[in-house]
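The structure is shown first, followed by the points by topic.

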Amino acid sequence: MFPTYDVIVVGAGHAGCEAASAAANLGSKVLLITMNLQTAGEMSCNPAMGGIAKGQIIREIDAMGGYSGIVTDETMIQFRMLNKSKGPAMWSPRTQNDRSLFSLKWRQVLEQNPNIDFYQDMVIGLAKLDSKIAGVRTRLGHEILGKSVILTNGTFLNGIIHIGEKQMAGGRVSEKNSTGITEQLQNWGFKSNRLKTGTPPRIDGRSLDYTKFEVQNGDKEIKGFSFTNTKKPSQQKNCWIAYTNKKVHQVLESGFSKSPMFQGRIQGVGPRYCPSIEDKITRFSQRERHQLFIEPEGWNTVEIYVNGFSSSLPEDIQIQALREIVGFEKCKIFRPGYAIEYDYFPPTQLQNTLETKLIKNLFFAGQINGTTGYEEAACQGLMAGINAHQKINDLEAVILKRNEAYIGVLIDDLINKGTDEPYRMFTSRAEFRTLLRQDNADIRLTEKSYRIGLASQERMDKVKTKSENVSEIKKILSEFIFDMDEINPYLMALNSSSLDKKQRASQLILRPAINLGDMMKASPSLNSHLKHYQTETLEQAEIQLKYDVYIQKEKELVSRMSTLEEKIIPESFNYDKIHSLSNEARQKFSNIRPQTLGQASRISGVNPSDVQILLIYMGR
């Protein structure tokens with residue numbers, strides 16, 4: 001009934017969709033198998049993409065030839081660039097999206113790929129030959145052979161949903177959980193653990209009084225995520241901001257005796273940076289209110305997502321507490337919030353390709369690795385899909401370094417440090433964040449993807465043109481000398497020092513209050529030189545000029561650290577021979593098996609002296 005596939009992807013969430021499309025676009029014959037094809041690309045939690053550091057990841061996925069950016073742009077209902085008041089390394093795009101349309105667009109992307117087959121069934125086990133994966137076994141009794149398998153099971157592995165004192169098996173509300181895989185992997189020697197996440201109640205928007213909320217508009221300029229020319233919406237929907245209060249907190253506290261979290265029925269660790277509302281009012285008891293974001297679910301629905309009110313308390317408590325929020329007095333809910341517990345496998349059991357160390361050609365991506373968030377899952381799926389294809393075709397693995405991409409930071413963190421709580425990406429995790437900006441993801445990554453055949457020629461040509469134009473703009477600015485009478489009125493309006501002698505544009509733009517767009521408006525002669533360049537390209541040139549000192553410092557740091565990254569540790573290296581290593585370092589080196597000294601230096605609990613000892617020993 002089934003042929004032998006090159007890549008079998010289990011699960012069709014954000015990781016699964018990116019994995020399947022990446023492998024298929026590289027030429028692999030792919031089977032995407034999931035329990036419900038109608039929920040492919042489902043936004044299980046909030047109807048939004050991007051945000052701080054997450055927005056950078058989506059732009060990197062797009063630069064690599066993935067689809068999350070395109071699907072996001074085509075389904076957005078609002079766009080905002082966060083952190084614009086800070087430096088460009090912190091700028092992070094974020095969208096609100098139409099939940100139903102997002103899933104539909106992903107389904108269309110997948111179905112238009114002739115290399116992808118689909119099958120709706122539950123995978124209950126895996127097949128292997130010696131220490132190499134051979135395929136999957138399904139609930140309907142099929143054994144489907146595959147040269148590689150990518151597990152992207154999300155929250156479905158032995159998932160349990162909690163609402164107050166009620167417990168039910170499930171991977172998502174009204175959807176069955178997945179059983180069998182965890183137990184088999186444990187028998188094969190894998191270590192697993194439990195995590196939890198949660199989601200807020202969904203509200204009937206017709207029952208809210210929006211006049212009592214703060215309006216949150218989208219940006220006038222919609223930049224989007226994709227570096228391709230995706231169609232942007234001609235209008236945007238508003239979001240709103242509301243606040244909890246003391247009365248809300250009192251009602252929530254009245255339900256703590258039935259809370260699965262406080263009564264010990266939930267064993268998994270929850271996300272530190274996206275806590276439930278009951279967790280927030282406990283951990284931050286001194287605060288009298290917490291901010292909530294009122295987010296519409298789409299263009300053609302009244303359903304509302306209450307961002308910041310994730311809860312697993314009994315349904316009646318959730319409703320009572322919601323109705324104490326100003327503007328929510330008459331609210332009706334479509335469904336209550338809930339917590340979900342699920343299995344994951346500590347990611348120190350993975351190579352930096354996301355292939356497992358124990359079983360060859362078996363890859364893990366997404367929440368199975370302990371991450372949280374669509375963006376973190378999608379980028380892992382992309383890299384797992386790429387590397388599964390590369391592995392079965394004896395091609396070079398694709399590894400993004402920490403100085404090359406947030407994706408590289410994420411995977412490096414996971415495989416070296418592991419995680420015992422849901423991992424979320426932040427700009428602070430990246431030591432080279434000035435280099436890893438959202439605006440230059442295409443320049444950083446497209447050529448890497450193009451070389452393996454994933455990014456298209458059209459994308460590569462566009463990046464080359466952009467880079468050439470940036471160089472041209474920087475040259476024009478370095479040669480253009482302002483006429484003082486022309487530019488001084490602009491400077492005086494900004495309370496910036498007037499020029500008392502001629503100055504080059506490349507020097508003037510270094511002033512904090514100055515930006516290139518306003519300079520062009522103030523100087524018709526400069527505008528005549530630059531007006532034919534795209535806004536995106538002008539912005540890139542301006543950033544490179546303004547932050548050149550910081551960019552060069554990070555590049556120097558990368559160069560100094562590259563010595564450790566280039567020192568390869570043989571796979572068979574025996575750490576027990578080095579008696580001067582600390583016991584903790586010896587144990588962690590032996591368990592994690594770092595591939596380079598750079599990786600070894602980032603393992604949690606390893607001291608610089610341990611790395612120095614290892615370096616000296618290898619030098620011998």
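Lys 29 is partly exposed, with a relative accessible area of 29%; partly exposed falls between buried (under 20% relative accessible area) and exposed (over 50%), using a 1.4 Å probe and protein chains only. The model is predicted: local features need pLDDT of at least 70, side-chain atom pairs count only at pLDDT 80 or more, and totals for chains, interfaces and linings use all residues. Residues are numbered from 1 along each chain as its sequence is written, and side-chain values use heavy atoms, leaving out hydrogens and water.

**Lys 29 and Asp 117**
- Lys 29 forms a salt bridge (a side-chain nitrogen of Lys or Arg within 4 Å of a carboxyl oxygen of Asp or Glu) with Asp 117, their closest N and O atoms being 3.5 Å apart.
- Asp 117 lies in strand E6 (residues 116–120) and Lys 29 in the loop between helix H1 (14–25) and strand E2 (30–34), so the pair ties together parts 88 residues apart in sequence.
- Helices (H or I, at least four residues) and strands (E, at least two) are DSSP runs, numbered from the N terminus.
- Asp 117 is also partly exposed, at 25% relative accessible area.

**Arg 99 and Glu 297**
- A salt bridge joins the side chains of Arg 99 and Glu 297, at 2.3 Å from N to O.
- Both Arg 99 and Glu 297 are buried.

**Within helix H12**
- Lys 475 and Glu 479 form a salt bridge at 2.7 Å, N to O.
- Both lie in helix H12 (residues 457–479), 4 residues apart, about one turn of the helix.

**Whole structure**
- A search of the whole structure finds 31 salt bridges.
- A network of salt bridges links Arg 402, Asp 412, Asp 413, Lys 417, Glu 431 and Arg 602.
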